[in-house]
Amino acid sequence: MNVDDISRVAVLGAGNMGHGITEIVAIAGYEVTVRDIEQELVDDGYESIEWSLEKLAEKDRIDESPEAVLDRIDTEVDLETAVEDVDLVIEAAPEQMEIKKEIFGDLDEFTPDGAILASNTSSLSITEIATATSRPEQVVGMHFFNPPVKMDLVEVIYGEETSDETAEAAYEFVEAIDKTPIYVRKDVNGFVVNSVLGPFGDEAGWMVSEGVATVEEVDAAMVHRRGYPMGPFELGDLTGIDIGYHVRKEAGKDVPPIVEEKVEAEELGRKTGKGYYDYEDGEGTTYEAGQGEDVDTLRIEARIINEAAKLIGNDVATAEAIDTGMKLGAGYPEGPCRRADKIGLDTVLEKLEELYDEYGHERYEPSGHLRDLVEAGHTGEDAGQGFYDYGGGDGERHYSTIEYELDDGLLAVTLDRPERLNALNADLMDEVVHLLGAVDEDEVRAVTFEGSGDRAFSAGADITGFAGIDPHENEVTEFFQAVAEYPRPTLAKIDGFCLGGGHELALACDLRIATEGSEFGFPEINLGLLPGGGGTQRAIRMLSDARAKELVFRGERISAERAQEWGLINRAVPDDEFEETVDAFLDDLLSGPPVALRKAKRVMNAGRDQDIDAGLEMEAQAFGLLLGTEDAEEGAAAFMEDRDPEFEGR
């Protein structure tokens, strides 16, 4: 079985996970049957799918009508009927091993011989589930995250006997339904995301139990100083304190006293009205920026990083998979491996050794892989190599926030932070600057920038990165200058939100083409700021004073149609004409004379800020230089011979 053989899918379970998985599979074009043990449960799940599809259609997030998607969904109560002709089964039953093994035993009997049997379990052993079948090589984990319609990540988990063919087909199927898969190559407790996430709440619990910090101080420190979307105690209240408690108990791990106390008091978080915070009579979370300045955040992060290192050292997952998983599955601002490389692996190791010496507990024992990296001198970004390679020695630099391809003169750069709507952070900006400086300029004739995902070119700057900036030492951002001054034509491919820093990136490009549904704006004024990456200056030079100031002062979004009318962008086109329009522009840029294009860009950029006489002088000098180039000779010859010129940049 490979992904091309999959056409019909069955999802077992019509609850929140089951009906969500059914919906995204149907949206992707597959025929799918959703099954549960009672008709009422199936009907409830189907109604939830109908409601969700209507909401997606209202927001223009699906390409078809809800009715067209629903036509691909069948409902069933009888298990044998539901799976008799399927290519893939995704089980989403309650998290009880007995139930899952009973289901998989039936699947072994009822499904076609080649069908892939997948479990959506978040914590149970794929290996043990597979023992209920006579074909464990066809059993695989496919752990979707809740809610499946919104969450992009799926962990693809090997059992001990899962074949590569089965895992690869599951991985490619996840990509086919427009989700992001990561491999979990060994069947470890917690898989990747929950394994690495565990110490976030666990170590925070030990710190508060010891009295070294308060709940509010820890949450404030991790959110406002370190940029996490929620503090560990806030997250515990959201997910349920008892959930983490039972996971630790089942894994045979010690439970922090504060967690024990909350469970014994049945104060389990939001669902009971009270947990670490009071949600009934109180205000809910009460931490504020400025609290927790003395909290040892490295104590928590060192344990997170150590857990990631264990997974890498045991060949469970790669650093890339772990970082992708934690960003998409847990909302981390950056992956723990990337963060570790910035902190310094030697610093992390030193903290763990210090904690191990003080407490003597195995949770602080450094992983062998972490020790090996430090002993080899691979201590992180400053050393040129850590979990990732930063171009030290003969290695190529690893980019964690962008993707690029250089083909036939086109350098295509993709901003790759879809989980943050491609918001600009320090890593992304540094990586673009590095790429533009490292790529062989002679092989580049044009550059494009676009955003990954289907919602944004870039929704702005990542505000979690504002912490720690000295307001008296902020300088012109090298990133925007590097794009604006790159000696080849640059084009922004805009589909979706183009706001704030993303809008400034687009304005730093030479050309801008957008889909009609895109939106533009500078919302910084609503944060008490102003565009800080050249937005005020480029807008005032491109637009009338009134329109530029309207954009900046009001902080409101404008449509692509208005952006084109004002002169902010070159074209606003329907979705189905977008790539064709971009290609038409690129054809001219890629086939044009490189030397003349470089000179034209330089003269126009520099001359814009000069008086007319100085600008004309610059233009005349450039024109004179171009007359002596081989490209100019080729252009003239091609004109005389009535053929297309073949410019070589000489």
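Colleague: How many of the residues of β16 are buried?
Modeller: This is a predicted model: local features need pLDDT of at least 70, side-chain atom pairs count only at pLDDT 80 or more, and totals for chains, interfaces and linings use all residues. Residues are numbered from 1 along each chain as its sequence is written, and side-chain values use heavy atoms, leaving out hydrogens and water. β16 spans residues 511-515; helices (H or I, at least four residues) and strands (E, at least two) are DSSP runs, numbered from the N terminus. With buried meaning under 20% relative accessible area, exposed over 50% and partly exposed in between (1.4 Å probe, protein chains only), the buried count for β16 is five of five.

Colleague: Which residues of β16 point the other way from Leu-511, Ile-513 and Thr-515?
Modeller: In a regular strand the side chains alternate between the two faces of the sheet. β16 has buried residues on both sides: Leu-511, Ile-513 and Thr-515 point one way, and the other way point Arg-512 and Ala-514.

Colleague: Is the pairing of β14 with β16 parallel or antiparallel?
Modeller: Two strands pair if DSSP finds at least two bridges between them. β14 and β16 share four bridges, with Leu-491 the bridge partner of Leu-511 in β16. The sense of these four bridges is parallel.

Colleague: In β19, what is the bridge partner of Ala-514?
Modeller: Three bridges in the parallel sense connect β16 to β19. Ile-513 has Arg-571 as its bridge partner in β19. For Ala-514, the partner is Ala-572.

Colleague: Which strands stand at the edges of the six-stranded sheet?
Modeller: The six strands form an open sheet in the order β10-β11-β12-β14-β16-β19, with mixed pairing. Each edge strand has a single partner, so one side of it lacks a neighbour in the sheet; these strands are β10 (402-407) and β19 (571-573).

Colleague: What angle does the direction of α20 make with that of β14?
Modeller: Neighbouring strands of the sheet are turned by 15° against each other on average, direction ignored. α20 packs on the sheet, where it touches β11 (410-415), β14 (490-494) and β16; contact means heavy atoms within 4.5 Å. Axes are lines fitted to C-alpha atoms, for helices over the stretch in contact, and angles run from 0 to 180 degrees between N-to-C directions. On that basis the angle between α20 and β14 is about 140°.

Colleague: How many residues of α20 are buried?
Modeller: α20 runs over residues 500-508 and is mostly covered. Its buried residues include His-503 and Glu-504 as well as Leu-505 and Leu-507.

Colleague: How far is the nearest cysteine sulfur from that of Cys-498?
Modeller: A disulfide is a pair of cysteine sulfur atoms within 2.5 Å, and the whole structure contains zero. Cys-498 is in no disulfide; its nearest cysteine sulfur belongs to Cys-509, at 9.2 Å.

Colleague: How far apart in space are Ile-305 and Glu-405, C-alpha to C-alpha?
Modeller: Ile-305 lies in helix α13 and is buried, with a relative accessible area of 2%. Not counting residues up to four places away in sequence, Ile-305 touches Pro-336, Ala-340, Ile-343, Val-348 and Phe-387. From Glu-405 it is 100 residues away in sequence, and the distance in space is 31 Å.

Colleague: Which residue in β7 does Gly-141 stand opposite?
Modeller: On the β5 side (residues 116-119) the pairing is parallel over three bridges, and Gly-141 is the bridge partner of Ser-119. β7 (residues 153-158) runs antiparallel to β6, joined by five bridges. There, Gly-141 stands opposite Ile-157.
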